[in-house]
Amino acid sequence: MGKKPHITLANFAQSYGPLLSLRLGTQLLIVGSSPAAAEEILKTNDRILSARSVPHVAPAKSPELNHLSLGWAVECNDAWKSLRTICRTELFSGKAIESQACLREKKIMDLVKYLSSMEGKVVNVGEVVFATVFNVLSNALLSRDFIVLGVDGVMKGLELFSAGTDTSTSTVEWALAELIKNPESMKKVREELTREIKQESLKESHLPQLPYLQACVKETLRLHPPAPFLLPHRALDSCKVMNYTIPKNAQVVVNIWAIGRDPVIWEEPLKFKPERFLNSTLDFKGNDFEFLPFGAGRRICPGLPMGAKQVSLALASLIHHFDWSLPHGNDPNELDMNEKFGVTLHKEQPLLLIPEVKK
Ligand code: HEM
């Protein structure tokens, strides 16, 4: 399938249709590549297809670690349920997210200060955003995790770090890259920020006043979902999807990257056009099967409320405080937008930019 299996499988879907069945050695792989297939996999058959197929490279392959793991829990058993409950009620509840707002705002202001000290120098955007996101997560989660989860807290905390850091960082990096490449959209974000934010520092409470910025985040997640296949699901039992039989233990994935770029669903799918999300109810909460960057159903990303806030605030602050240019006066049109497939779908070339403090 090559180094970019999300593209290979998107091409297969063009030729063979929205539900593919492939044999990878002894493993049967089922790939859904349309909103209808996604709905049958993640909603109609949510329970039966909610088990996990744990890749050999995944960190929690060993049984002891699986016992501690949320993302790699092989079934939605009682241990998984209790972890999800802790996420919902303790870590990512509306109240918890609100109480962490000050922390995110403070860490992002630290990032702004650091970037101000780097004015005129080349900065690796992914690296500096990663450090901030990691810092926020460690402060917000670990202390609570230890208290709430006791002895096992360290392992669970670590898993949440890896699930939350790469995904959020990569989204901010792609969003800034897209905005550098699309100056018209960048101008609109700036105009919105200048109009709505009268004070020096941005607060999370400002985010609802920034619909265009939020549309840019959605457009970025449509084109560059950090998990292009979600995480691999597994059939607990045999079931029917689109009138085909899915045998027990088949690995089942949804190619949300392919759905996000399907010309049948999206007008000019390869263009970065945040406007498509304005005056639209389309959201990433798992009810719109053409747009599933966080998944849907019982395995939907539990960190969604935190990830969404974190990405929007970081992106808004980077644009509110700085003008950005490419090193050596390079033309933004030439910016390399190639992807690298891995645990998350990253930019192949790191985004290197020069910040200039906005006067
Ligand atoms: C832009 C940010 C993020 C995106 C796009 C994202 C996306 C996803 C996706 C697609 C899945 C798999 C859903 C499935 O298997 O059907 C997932 C699972 C998960 N995510 Fe996120 N995520 C983000 C941020 C976060 C954050 C901030 C955290 C925690 C701090 C987090 C924790 C998890 C965990 C623990 C799982 C496994 C859930 C389970 O298997 O029950 N994610 N995420």
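Two strands are taken to pair where DSSP finds at least two bridges between them. The legends below apply this term to a predicted model.

**Figure 1. Hairpin of strands E1 and E2 in the predicted model.** Strand E1 (residues 19–24) and strand E2 (residues 27–32) run antiparallel and are joined by six bridges. Within this pairing, Ser21 has Ile30 of E2 as its bridge partner. Two residues separate the strands of the hairpin, and Gly25 in the turn adopts a positive phi of about 65 degrees.

**Figure 2. The open sheet of five strands.** The strands follow the order E1-E2-E8-E5-E3, with mixed pairing. E1 and strand E3 (51–52) are the edge strands, each pairing on one side only.

**Figure 3. Buried and exposed sides of helix H6.** Helix H6 comprises 17 residues (residues 101–117); at 1.5 Å a residue it should span 24 Å, and the 25 Å between its end C-alpha atoms agrees with this. Arg104, Lys107, Ile108, Leu111, Val112 and Leu115 of H6 are buried. Because these residues cover an arc of only 150 degrees around the axis, they lie on the same side of H6. An α-helix has 3.6 residues a turn, so residues three or four places apart point the same way. Cys102, Lys113 and Ser117 are exposed on the other side of H6.

**Figure 4. Surroundings of the ligand.** The ligand is surrounded by 24 residues, of which Gly164, Gly295, Cys301, Gly303 and Gly307 are the closest. Helix H8 (153–181) and helix H12 (304–321) are the elements that give two or more residues to this shell. H8 supplies the largest share, with six residues.

Figure 5. Buried residues account for 42% of the 359 residues. Of the contacts between residues at least 6 apart in sequence, 71% join residues at least 24 apart.

Notes
Residues numbered from 1 in each chain as written. Predicted model: local features only at pLDDT ≥ 70, side-chain atom pairs only at ≥ 80, totals over all residues. Buried ≥ 20, exposed ≤ 12 C-beta atoms within 10 Å, placed from the backbone. Contact = placed C-beta atoms within 7 Å. Helix = DSSP H or I, 4+ residues; strand = E, 2+ residues; numbered from the N terminus. Expected span 1.5 Å × (residues − 1). Arc of directions from axis to C-beta. Near = placed C-beta within 6 Å.
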